[in-house]
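Hi everyone, thanks for coming. Let's take a few minutes to look at this one together.

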Amino acid sequence: MSKTINVFFLAAEADPFIKVGGLGDVAGVLPRELRALSNDDLKLDVRLVLPYHPVVKAENLRPLEPFSIQRGDSEVQVEAFETVLDDMPVYFIGGEPIRANGSVYSLDASRDSEKYAFFSLAAMELPRYINWQPDVVHANDWHTALSIYVNLTKRWEAGAKHVAGVVSLHNLPFMGADVGGILESYGIKLAQTDLPEWARVLPLPLGLWASDAIVAVSPGYAGEVLTEEFGCGLQEFLGQRRETLSGILNGIDTVSFDPATDKAISVNYNLDTLKRRAENKELLQEKLGLARNPDIPLLAIISRMDVQKGVDLAFTALKNMKRIDFQAVILGTGDPKLEETARELQNLFPEKIKAELRFDAKLARQIYAGADMILMPSRYEPCGLAQMIAMRYGCVPVVRAVGGLKDTVKQDETGFVFEKMHHMSLVSAIKTGLKTLPDHEKWESIQRAGMATDFSWESSAREYLKLYQSLVK
Ligand code: ADP
């Protein structure tokens, strides 16, 4: 008889239902990739559960029997829905704390705490109502980390089965706000933990503390979180948990992100027809209102406008490249100050720089398929998907040697890498790229090496499977 591992996978967002950032990509693909590893000997029954944000787009939702969770003397109603995505059951948890907040993430930390504490707690009740018992609960980031804490406190109940708890770390600095009072109101005790005092009431540290395994989303980041520079105050705690900490690189959706079939781009191409890519560049230049010229290097930024991403550094670098012939497109939204700087840059160099300050998945694909280089000067980068997507499309990444960027981009082989968080270091890496670009043979070899690299989810999913197997032994 085949063995089954049941995995309850929780996330704040997942493509195609709702995607705001990289987490949406990961949670949209990994659960299905894991299921696809099922074979005659082992079945992986991974099920995804998401908050029913008012902005979620989901068809054919089937309402499940509503239930409630106790809070003080009253009960909070939980609305649950089910749908199926490629044979995978997907559940949505709704209710007042989730409705109260229109977007996926808000700027109001206490509202977000209410929402995600409710989600994590309610989601952990769901298995009972659907008559399905997880072997592994897999949470992602602070939003769902409390599910792992609750998973542990449930284990303390008499006769409870051991359910393994895994937390994937996509972004350590975001730990959530104080949930001490919220947990107490739901009747959940705060444990004596070996966390630093300030962290004992925060969702992410509590989830990490209660977990059986911690997975950083790249081997590089797994090493970095143990250091003072990147550990955000948890480095010592994580150091003590070193044996349970590993790094598994995220993959990308290589079916959706495939220049050979991508419908969002004008001209499809692959390794054999790479020359055709040039047409996309010209069409992109035209669309952006830039001079249509294959010989002018076209640089790109596709990123949240956030200091984490070092976009401020990239703007300063571009500003310092006055005497260099180049074009640049900036696609992104976020911090209004950074958006303003991007706009100023466009006003300063209207012939050279275009700022497209919105979320536009189609334009992003056209940029990956047309631009020569993408700039990613991140201050920290747990994994980073944009550089992998770019490489798949033959858009050469210029990245800082940090986290997943360092793990995925090889200097002179698949891109250009710089160390120091200084705009002149970025300028110098860009210049190396610009010098290489006219050497078509060399440039193509860099593009080809990137396009040929395997960034598929399959190998990451296999590593997650190995981890699950070690936990449910
Ligand atoms: P993060 O998760 O930190 O935002 P990643 O590089 O891991 O960064 O993932 C970002 C994803 O979001 C990529 O798929 C990138 O193409 C996409 N993206 C970022 N900004 C935009 C935008 N303004 N329009 C379209 N896609 C975007």
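Let me start with a question: which are the buried residues of helix 12? Before I answer, please keep in mind that what you see is a predicted model. The buried ones are Leu363, Ala364, Arg365, Gln366, Ile367, Tyr368, Ala369 and Gly370. Helix 12 covers residues 361-370, and eight of its ten residues are buried, so the rest of the structure largely encloses it.

What does the covering? Among the elements over those buried residues are helix 9 (277-288), strand 11 (298-302), strand 12 (327-331) and helix 13 (386-392). At the N-terminal end of helix 12 there is a cap, Asp360, with a side-chain oxygen 3.2 Å from the backbone nitrogen of Lys362.

Now stay with Arg365. Its side chain forms a salt bridge with that of Asp262, at 2.9 Å from N to O. This pair ties together distant parts of the chain: Arg365 sits in helix 12 and Asp262 in the loop between strand 10 (245-247) and helix 9, 103 residues apart. Both Arg365 and Asp262 are buried.

How many salt bridges are there in total? The count comes to 27. Another one pairs Arg304 with Asp306, at 3.3 Å. Here Arg304 is partly exposed, at 36% relative accessibility, and Asp306 is partly exposed too, at 22%.

Last stop, helix 16 (residues 440-452). Arg448 and Glu444 meet there in a salt bridge of 3.2 Å, and because they are four residues apart in that helix, about one helical turn separates them. Arg448 is partly exposed at 30%, while Glu444 counts as buried at 17%.

Note on methods:
Residues are numbered from 1 along each chain as its sequence is written. This is a predicted model: local features need pLDDT of at least 70, side-chain atom pairs count only at pLDDT 80 or more; totals for chains, interfaces and linings use all residues. Side-chain values use heavy atoms; hydrogens and water are left out. Buried means under 20% relative accessible area, exposed over 50%, partly exposed in between (1.4 Å probe, protein chains only). Helices (H or I, at least four residues) and strands (E, at least two) are DSSP runs, numbered from the N terminus. Contact means heavy atoms within 4.5 Å. A polar contact is a pair of N or O atoms within 3.5 Å; within protein, one must be able to donate a hydrogen and the other to accept it, and residues adjacent in sequence count only if both atoms are side-chain atoms. A salt bridge is a side-chain nitrogen of Lys or Arg within 4 Å of a carboxyl oxygen of Asp or Glu.
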